[in-house]
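Visitor: Could you show me how to read the features of a structure like this one?
Guide: Gladly; let us look at it together.

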Amino acid sequence: MDPARLRLVCVTPGSGDVAALERLADAALDGGATAVWLRERDLEDADLERLARFVGDRGGLAIVSGRAVPGAHAVHLGFRDSSPAERRRPAEGGPAVGFSAHDPLDEAAIAASDYVTLSPLFPTPKAPAAPGPLGVERFAALARTIDRPVVALGGIDATTAVSALDAGA
């Protein structure tokens, strides 16, 4: 996985509104996002495929949570999903596999992934206290142990983005 494709990832809110998600993806890509993570587990495969193709047609990397759909460049696995170490790898040329890592790290899952999100870096409205936040120093220490692209996730905005980049995201 080319780390440049993961430079700035827009994460969708789980709204399930396909038209609104297309507008969000369009604005994010216009604003410099390189990827859109479709964290829309309740959408039908056909809607996810439509969104993934929309993102891809705009030049973005389309990431889908939990399952691969046509048009997706990556499938991202989290705590609700089986571990990448337990899943069969996609066919050659198929979607990349991402994994949501937390402290302590799941080394087997990371080794079976093409990229890793490491979170939460900073406090978030959804999870202000647990299971972190990691903070910049702990994030940097963990990121140095991971031999694939690492995406920082959680509490990142215009005021904290430089700190995330400096920490190795």
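Visitor: What should I know before starting?
Guide: This is a predicted model, in which local features need pLDDT of at least 70 and side-chain atom pairs count only at pLDDT 80 or more, while totals for chains, interfaces and linings use all residues. Residues are numbered from 1 along each chain as its sequence is written, and side-chain values use heavy atoms, with hydrogens and water left out.

Visitor: Which residues of α1 are buried?
Guide: Buried means under 20% relative accessible area, exposed means over 50%, and partly exposed is in between (1.4 Å probe, protein chains only). In α1 the buried residues are V18, L21, E22, A25, A28 and L29. Viewed down the axis of α1, they fall within an arc of 130°, taken from the directions from the helix axis to the C-beta atoms, so they line one face of the helix. R23 and D30, on the other side, are exposed.

Visitor: What do the buried residues of α1 pack against?
Guide: Contact means heavy atoms within 4.5 Å. Here the partners are β1 (9–11), β2 (35–38) and α2 (45–57).

Visitor: What is found at the start of α1, and what just after the helix?
Guide: A polar contact is a pair of N or O atoms within 3.5 Å; within protein, one must be able to donate a hydrogen and the other to accept it, and residues adjacent in sequence count only if both atoms are side-chain atoms. At the start of α1, a side-chain oxygen of D17 comes to within 3.2 Å of the backbone nitrogen of A19. Just after α1, G32 has a positive phi of about 115°.

Visitor: What is the strand order in the sheet?
Guide: Two strands pair if DSSP finds at least two bridges between them. This open sheet of 7 strands has the order β1-β2-β3-β4-β5-β6-β7, with parallel pairing. β1 and β7 (150–152) are at the edges with a single partner strand each, so one side of each has no neighbour in the sheet.

Visitor: Is β5 enclosed or open to the outside?
Guide: In strand β5 (residues 96–101), 6 of the 6 residues are buried, so the rest of the structure largely encloses the strand. A96, G98 and S100 are buried on one side, and V97, F99 and A101 on the other. β5 is joined to β4 by 4 bridges and to β6 by 4 bridges. F99 is the bridge partner of L77 and also stands opposite V116 in β6.

Visitor: Where do S119 and G154 lie?
Guide: S119 is in the loop between β6 (115–118) and α4 (135–144). S119 is buried at a relative accessible area of 7% and touches A101, H102, L134 and L153, not counting residues up to four places away in sequence. G154 is in the loop between β7 and α5 (161–166), and is buried at 14%. Leaving aside neighbours within four places in sequence, G154 contacts P120, L121, F122 and T124.

Terms used. Helices (H or I, at least four residues) and strands (E, at least two) are DSSP runs, numbered from the N terminus.
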